[in-house]
Amino acid sequence: MPEYENLTVDRDDGVATVTLQSTAGRNALHLEMANELVSVAASLGEDPDARCIVLTHDGDFFGSGADLTAFSGGESDAPLLRQLAGRLHEAIVQFHQAETPVVGGVDGIAAGAGFSLALMPDLVVLGDETTLKFAYPGIGLTGDGGATFYLPRLVGLRTAKEIVLRDEPIDPEEAVEMGLATEVVPSDAFDDRLAELASEVASGPTAAFGTTTRLLTESFDRDLEAQLAAETDAIANATHTDDYARGLDAFFGDDDPEFVGR
């Protein structure tokens, strides 16, 4: 695993925790950080020992959006914005294609690109003082980072449009009610709960988890016949895994299965 300037990677019993630590203020996203996100997503996606990826942060900001100090406010910003968005999008694609379960942990502010990135994980834990905000309209920009993909899938089209057009802060309880997050925990219990949930996921049949969550996400873009065909391929391919053999043995035995994620 390479050394990074804007994030750290820690490993513990199958859980790889990626902690966002931008060199810019408020955990703002710049091109170097986006490139590092692509690298870490690709590396962990190919790592058989990474059975669950945790995406979290240090400090009060999960992410405040792009590092606006690099922009001038005119058309000349288009090339850099295109490059920055492109690299962030490649990171999201890498996480998606990895088929490794991703657990997000947000205990602070997630706005702009930070908001978008917080939508990507399969499960999301929020601290009880977290604030989520779309934020792009505040500087006259459209959403990126997968926000326009994940929002309508998570909350429905009408609510997604409301989030965009009203652009109001979303508190943790409201985020869970909408479907933007999985659960809220007190900030003083946040780290323990995030680790507990990640460990729970990592102990399961994570290859099957990853494929199934990908099938769920991609189901919105297929008709029924195509989705059923994808399910058939996936379940047949799953018979080649050690987890399937272990699970079947345990089903006919007396012990719980000990899955290995492959």
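Contact here means heavy atoms within 4.5 Å. By that criterion, and leaving aside neighbours within four places in sequence, Thr206 is in contact with Arg51, Glu99, Pro101, Val201, Asp243 and Gly261. The model is a predicted one: local features need pLDDT of at least 70, side-chain atom pairs count only at pLDDT 80 or more, and totals for chains, interfaces and linings use all residues. Residues are numbered from 1 along each chain as its sequence is written, and side-chain values use heavy atoms, with hydrogens and water left out.

Thr206 belongs to helix H8. Helices (H or I, at least four residues) and strands (E, at least two) are DSSP runs, numbered from the N terminus. Thr206 has a relative accessible area of 4% and is therefore buried. Buried means under 20% relative accessible area, exposed over 50%, and partly exposed in between (1.4 Å probe, protein chains only).

Helix H8 (residues 206-218) packs with helix H9 (residues 224-238). The angle is about 170°, and the axes lie 11 Å apart. H8 is therefore roughly antiparallel to H9. Axes are lines fitted to C-alpha atoms, for helices over the stretch in contact, and angles run from 0 to 180 degrees between N-to-C directions. Angles under 35 degrees count as roughly parallel, over 145 as roughly antiparallel, 65 to 115 as roughly perpendicular and the rest as oblique. From H8, the contact is made by Thr211, Leu215 and Glu218. H9 supplies Gln227, Ala230, Glu231 and Ala234.

The strands come next. Two strands pair if DSSP finds at least two bridges between them. Strand E1 (residues 7-12) and strand E2 (residues 15-20) pair in the antiparallel sense over six bridges. Thr8 has Thr19 of E2 as its bridge partner. Two residues separate the strands of this hairpin, where Asp13 takes a positive phi near 50°.

Strand E7 (residues 123-127) is mostly covered, with four of its five residues buried. E7 pairs with strand E5 (residues 102-106) in the parallel sense, over four bridges. Here Gly105 stands opposite Val125. E7 also runs parallel to strand E9 (residues 183-185), joined by three bridges. Leu126 is partnered there by Val184.

An open sheet of three strands has the order E4-E6-E8, with parallel pairing. Strand E4 (61-63) and strand E8 (131-133) stand at the edges, each with a single partner strand, so one side of each has no neighbour in the sheet. The twist averages 15° from one strand to the next. Strand E6 (residues 109-111) is joined to E8 by three bridges. Ala110 stands opposite Leu132 in E8.

Not counting residues up to four places away in sequence, Leu117 touches Leu20, Leu37, Leu55, Phe62, Leu88 and Ile92.

Glu173 lies in helix H6 (residues 172-178). Its relative accessible area is 42%, so Glu173 is partly exposed. The C-alpha atoms of Glu173 and Asp49 are separated by 34 Å, with the two residues 124 apart along the chain.
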